[in-house]
Amino acid sequence: LGLVTGASAGTINALLAAVAVGSEPEPDPTKSLFFTSWTEMRYDELLDVENAPTHALSSRRALEDIALDLERRWGQGLSPDLDIVMGATTTRLESNQVAVRDDFSVARQEEKFVFRIRGRGPGQAPQVTNYPDRGYPLVQPLLPFADPGRHDLEAAAHNFEQIRKVLFAS
């Protein structure tokens, strides 16, 4: 069981790493998903402040291209040997009050999502499930993944959409 984690661009790199580990090795590094994701992006596409969403420093256009490439690769299937946990730190648009004691709470902007990705082989999207830490003292957010027994295209698209939301919130 492996582990990848990240925040901001590191979350994208964590997912790129998981997909790379579950894929056939690419002998030409310039054709790898890592290389093409980051080197084909133009600086002005990433830092397009005029088209950036509220509370964001950059446009999503370039990141959406990476997400589309990842989703295509994801849908082709990942090795059944892939069994990896992914952690991602995100930022809430509105804070969540967390009780520290009965009479005291603090605002929390950060959320950590942790999920497990298991490859099912060629032609099958990976299985994705939440991976809560039972020893963690705070409430852990869970993503609404499709039932792990479902193997259909709709479930695969739904699960990747949940991961895409985490990528964009990171």
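Arginine 164 is buried in this predicted model, with a relative accessible area of 12%, where buried denotes under 20% relative accessible area, exposed over 50%, and partly exposed the range in between (1.4 Å probe, protein chains only). Its side chain meets that of glutamate 71 in a salt bridge with an N to O distance of 2.4 Å, a salt bridge being a side-chain nitrogen of Lys or Arg within 4 Å of a carboxyl oxygen of Asp or Glu. The pair links distant parts of the chain, 93 residues apart, with arginine 164 in helix α5 (residues 153-169) and glutamate 71 in helix α4 (residues 61-75). Helices (H or I, at least four residues) and strands (E, at least two) are DSSP runs, numbered from the N terminus. Glutamate 71 counts as partly exposed, at 24% relative accessibility. A network of salt bridges links Glu71 and Arg164 with Glu161.

The model is predicted, so that local features need pLDDT of at least 70 and side-chain atom pairs count only at pLDDT 80 or more, whereas totals for chains, interfaces and linings use all residues. Residues are numbered from 1 along each chain as its sequence is written, and side-chain values use heavy atoms, with hydrogens and water left out.

Helix α5 contains 17 residues, which at 1.5 Å a residue should span 24 Å; the end C-alpha atoms are 24 Å apart, in agreement with this value. The expected span is 1.5 Å times one less than the number of residues in the helix. Buried positions of α5 are Ala155, Ala156, Asn159, Phe160, Gln162, Ile163, Arg164, Val166, Leu167 and Phe168. An α-helix has 3.6 residues a turn, so residues three or four places apart point the same way. The buried residues of α5 pack against α1 (9-21), α4, β2 (83-101), β3 (104-118) and β4 (127-130); contact here means heavy atoms within 4.5 Å.

The N-terminal end of α5 is capped by aspartate 152, a side-chain oxygen of which lies 3.2 Å from the backbone nitrogen of glutamate 154. Aspartate 152 also forms a salt bridge with arginine 150, with the closest N and O atoms 2.9 Å apart. Both partners are partly exposed, aspartate 152 having a relative accessible area of 31% and arginine 150 one of 34%.

The search of the whole structure finds ten salt bridges, one of which joins the side chains of lysine 112 and glutamate 110 at 2.6 Å, N to O. Lysine 112 is partly exposed, with a relative accessible area of 36%, and glutamate 110 likewise, at 37%. Glutamate 110 is located in strand β3. Beyond its neighbours within four places in sequence, glutamate 110 is in contact with Thr89 and Thr90. Glutamate 110 and serine 95 are separated by 15 residues in sequence and by 8.1 Å in space, C-alpha to C-alpha.

A nonpolar surface patch is formed by Val100, Phe104 and Val106, with about 250 Å² of accessible area together. Patches are made of residues with over 30% relative accessible area and no salt bridge, like charges being joined within 9 Å and nonpolar side chains (Val, Leu, Ile, Met, Phe, Trp, Tyr) within 5 Å; accessible areas come from the Shrake-Rupley method with a 1.4 Å probe, and for residues only the protein chains shown count as cover. Valine 100 lies in strand β2.

Serine 8 has a positive phi of about 60° although it is not a glycine. Serine 8 is in the loop between β1 (2-7) and α1 and counts as partly exposed, at 47% relative accessibility.

Technical notes. A polar contact is a pair of N or O atoms within 3.5 Å; within protein, one must be able to donate a hydrogen and the other to accept it, and residues adjacent in sequence count only if both atoms are side-chain atoms.
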